[in-house]
Amino acid sequence: MTYTVAVRELCEFTAKQGDLDLRFTPAPTALEGMAGHAVAASRRGAGYRAEVALSGSYQSLRVRGRADGYDPAQQRIDEVKTFKGRLDRQPASHRHLHWAQAKVYGWLLCEQEQLAHIDVALVYLDVGTQQETVFTEHCNADDLRQHFEAQCQRFIAWAEQQVAHRAARDTALTTLAFPFGGFRTGQRPLAEAVYKAAVAGRCLLAQAPTGIGKTMGTLFPLLKAAPAQRIDKVFFLAAKTSGRQTALDALARLADSAPALPLRVLELVARDKACEHPDKACHSESCPLARGFYDRLPAARAAAVATTIEGKTVTALQQARVREVALQHDVCPYYLSQELARWADVVVGDYNYYFDLGGLLHGLAQANQWRTALLVDEAHNLVERGRKMFTAELHPAALAQARSSPTAAQHAPVKKALDKVRRAWVAMDKAHPAPYTVLETFPDKLLAALQQCTTTLTEHFTDHPTEPDGALQAFYFDALHLQRMTDLLDAHSMVDITQASAAHHQRASKPGDSVVCIRNVVPAPFLQPRLAAAHTSTLFSATLQPARYYADLLGLPEDHVWVDVESPFAAHQLQVQVARHISTRYPHRAASLAPIAALMAQQFRARPGNYLAFFSSYDYLQQAAALFAQQHPDVPHWSQSRRMLEGEQREFLARFTDTSQGIAFAVLGGAFAEGIDLPGQRLIGAFVATLGLPQVNPVNEQIRERMQALFGAGYDYTYLYPGLQKVVQAAGRVIRTPSDEGVVHLMDERFAQAQVRSLLPAWWQTR
């Protein structure tokens, strides 16, 4: 069996050396890099060949890639690298890696064209000045062949191990049995739909009730399909930590049921959760785990993917295991885990690792031409998460902190550039004094000032890499992101200005105190290419109703498949009661408090136990909790607070036991409204005191207008569908297993409306 590797990936593996050095130095964006390559190619002669596809073999290894350019007249092959700043400050390790890549391409071209010698050129193009610096070596084909074979020899043992691992993995997956005695009701249809989508190479949108085992019902069939469909990687993408843990638990269960299954499972976590030295910077002069990182990486990598430890099969690379291996070899756990993503079979991580503009997993998949399969957990969250990924904001406080930073005080060009941004910001606010303004395009003068400012800051950071300035860097990154989104601005997003008086309810605001935003409304244009890049994808959740809404906003392909899995639960298990005598509309909030408290107390006394009560805001929650405590002091209760830490959240949930009683007050759409599991007597009921509709405000009204223009359903897409999705998620906390029974009180008269009821689960029988 042949193992195929890209030239870049081969050299990344064999030719990287020295320290991990992540001191910030500005680098070209992907678009700037592409433009720079085009500029370099345009300057060459008429016979110049750009993007030359090359491949070659060494024993069982096949190496492929695209050389940036070849000039037959000069018999010269170019490896083009774009950069910003001063080339004389480029680390020697970078130049070493670039030469390694260039010479591999040189040999592949010599072999293809039957050349005895060739000039190999490193072409460095400054994207700012467009100037080129060229380093050339005249190389004999035999010397290049030896270089190529040396790289391959360093890699081939690993490649052969990978080939053997893949063969063993696929053999084991072919015979893998479902780890439970049988499928739950609804779980088999879900699994069949996932398997068929994988076989057909299509995208599946699956609505499946909470409690049927969606995670195992999607992972198992996809892994079964992997060998025949030649799937290299499965990416399980979750919105929250709880979703990641559920996937890891399911994969651990599979491993327990099939001890010989050599399935490498990697957990990716956020940098701040994996960093061993948060007080240190990521370079050798500061952090001991960065010093000699690439020199120690091969041993750490080999240890991490070892299949046996003390005679026991170990394939799970969860955070604790990666940390253990990393510290044994004195390397950074976070960057070791990123390296291991290349060698894992299943990667479990947050949405942003794949869908973000700079998503690690998508980048690796494209570079290596992996055949990937996506599982997107709780996919209803991807609408809002996608909007946040592709929204860019500038806050006046960030600019103020940058202007008052030590760097601005010491470097006149930096201060001058920041001051110019401030003046343009003030002028913009004077031209648009309304509390909230939507613009057709981003203000020209502010954009020009920002562009000039980022250019100045780029030069400064390049010239002063050892002088970190957190406030200045934070503003710089915000400005760069905003400029990037300006380049991508279209009907999917809007430009708006919110004055401080509107944002913070102040009486007046000064010019220059506004928040400037490129607000993404429809993430579909950004998500669609990422979904299309995968061989197959399944987006699943208990709340994907109506399907058209999610297909429109998430950019699903026209030929995607929709499945609505029948619930395994019977109507008698969940009493759903509509409180038609209560209105939670904003003008009626004060009047609603007393009947809500009375209804909750009545239900608790009729059937004591644990309940969750959901409200649309912290203010509403606090008012309801205060009145309930006053009128019913004998009923235990506790409340969610603003910005709870993880430890406080655990304490909140720990009060739900099989023997406890009480009512917990929580915010709809918050940490306790989805992704938590309280089966049996730990939770026997829920009160939902709202339709969950987003607040009517100028921003949402503008979104409604945009949704109306794009989809002809402005109110539904902006308010109704997002609101009821939160309601169904919250109510879904009550029935978790086939033996659970409980009650849900929907406390608003509007739940009796036909349109609203049509968006609730079909198996609910409202009373």
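**Overview**

Eight strands form an open sheet in the order 12-9-13-8-14-19-7-20, with parallel pairing. Strand 12 (316–317) and strand 20 (561–564) are at its edges; each has a single partner strand, so one side of each lacks a neighbour in the sheet. The model is predicted, and the mean pLDDT of the protein chain is 92, with 97% of its residues at 70 or more. A second open sheet, of four strands, has the order 15-18-17-16 and antiparallel pairing.

- Strand 9 (residues 265–267) pairs with strand 13 (residues 346–350) in the parallel sense over three bridges.
- Within this pair, Val 265 has Val 346 of strand 13 as its bridge partner.
- Helix 6 (residues 214–229) packs on the sheet and touches strand 8 (233–238), strand 13, strand 14 (372–376) and strand 19 (536–541). The direction of helix 6 makes about 170° with that of strand 19.

- Is Glu 267 buried or exposed? Its relative accessibility is 10%, and because buried means under 20%, Glu 267 counts as buried.
- The side chain of Glu 267 reaches the backbone nitrogen of Gln 319 at 2.9 Å.
- Beyond four places in sequence, Glu 267 touches Arg 244, Leu 248, Leu 317, Gln 318, Gln 319 and Val 348.

**Ala 274 in helix 8**

- Ala 274 belongs to helix 8 (residues 271–274) and is buried, with a relative accessible area of 9%.
- Not counting residues up to four places away in sequence, Ala 274 touches Val 269, Gln 319, Pro 333 and Tyr 334.
- Ala 274 and Leu 527 are 253 residues apart in sequence, and their C-alpha atoms are 27 Å apart in space.

- The edge strands are strand 15 (392–394) and strand 16 (436–439), each of which pairs on one side only. From one strand to the next, the twist averages 20°.
- Strand 15 runs antiparallel to strand 18 (residues 515–520), and three bridges join them. Glu 393 has Cys 517 in strand 18 as its bridge partner.
- Strand 17 and strand 18 pair in the antiparallel sense over six bridges, with Ser 493 opposite Asn 520 in strand 18.
- Strand 16 and strand 17 are joined by four bridges and run antiparallel; Val 438 stands opposite Asp 496 in strand 17.
- How many residues of strand 17 are buried? In strand 17 (residues 493–498), six of its six residues are buried.
- In a regular strand, side chains alternate between the two faces of the sheet. Ser 493, Val 495 and Ile 497 point one way from strand 17, while Met 494, Asp 496 and Thr 498 point the other way, and all are buried.

**Helix 23**

- Helix 23 (residues 589–606) has 18 residues, which at 1.5 Å a residue should span 26 Å; its end C-alpha atoms are 26 Å apart, in agreement with that value.
- The buried residues of helix 23 are Arg 589, Ser 592, Leu 593, Ile 596, Ala 597, Leu 599, Met 600, Ala 601, Gln 603 and Phe 604.
- An α-helix has 3.6 residues a turn, so residues three or four places apart point the same way.
- The buried residues of helix 23 pack against strand 22 (610–615), helix 24 (618–631), strand 24 (662–667), strand 25 (685–688) and strand 26 (742–746).

**Leu 710 in helix 26**

- Leu 710 is located in helix 26 (residues 698–711). At 39% relative accessibility, Leu 710 counts as partly exposed.
- Leaving aside neighbours within four places in sequence, Leu 710 is in contact with Ala 491 and Val 522.
- Leu 710 and His 492 are 218 residues apart along the chain, and their C-alpha atoms are separated by 9.0 Å.

**Confidence**

- Over residues 308–314, pLDDT stays under 50, and the model has nine contacts beyond four places in sequence for this stretch.
- Where pLDDT is low, the predicted coordinates should not be read in detail.

Notes: Residues numbered from 1 in each chain as written. Predicted model: local features only at pLDDT ≥ 70, side-chain atom pairs only at ≥ 80, totals over all residues. Heavy atoms only, no water. Helix = DSSP H or I, 4+ residues; strand = E, 2+ residues; numbered from the N terminus. Buried < 20%, exposed > 50% of the residue type's maximum accessible area, 1.4 Å probe, protein only. Polar contact = N/O pair within 3.5 Å; in protein donor to acceptor, adjacent residues only side chain to side chain. Contact = heavy atoms within 4.5 Å. Pairing = 2+ DSSP bridges. Axes fitted to C-alpha atoms, helices over the stretch in contact; angles between N-to-C directions. pLDDT = per-residue confidence, 0-100. Expected span 1.5 Å × (residues − 1).
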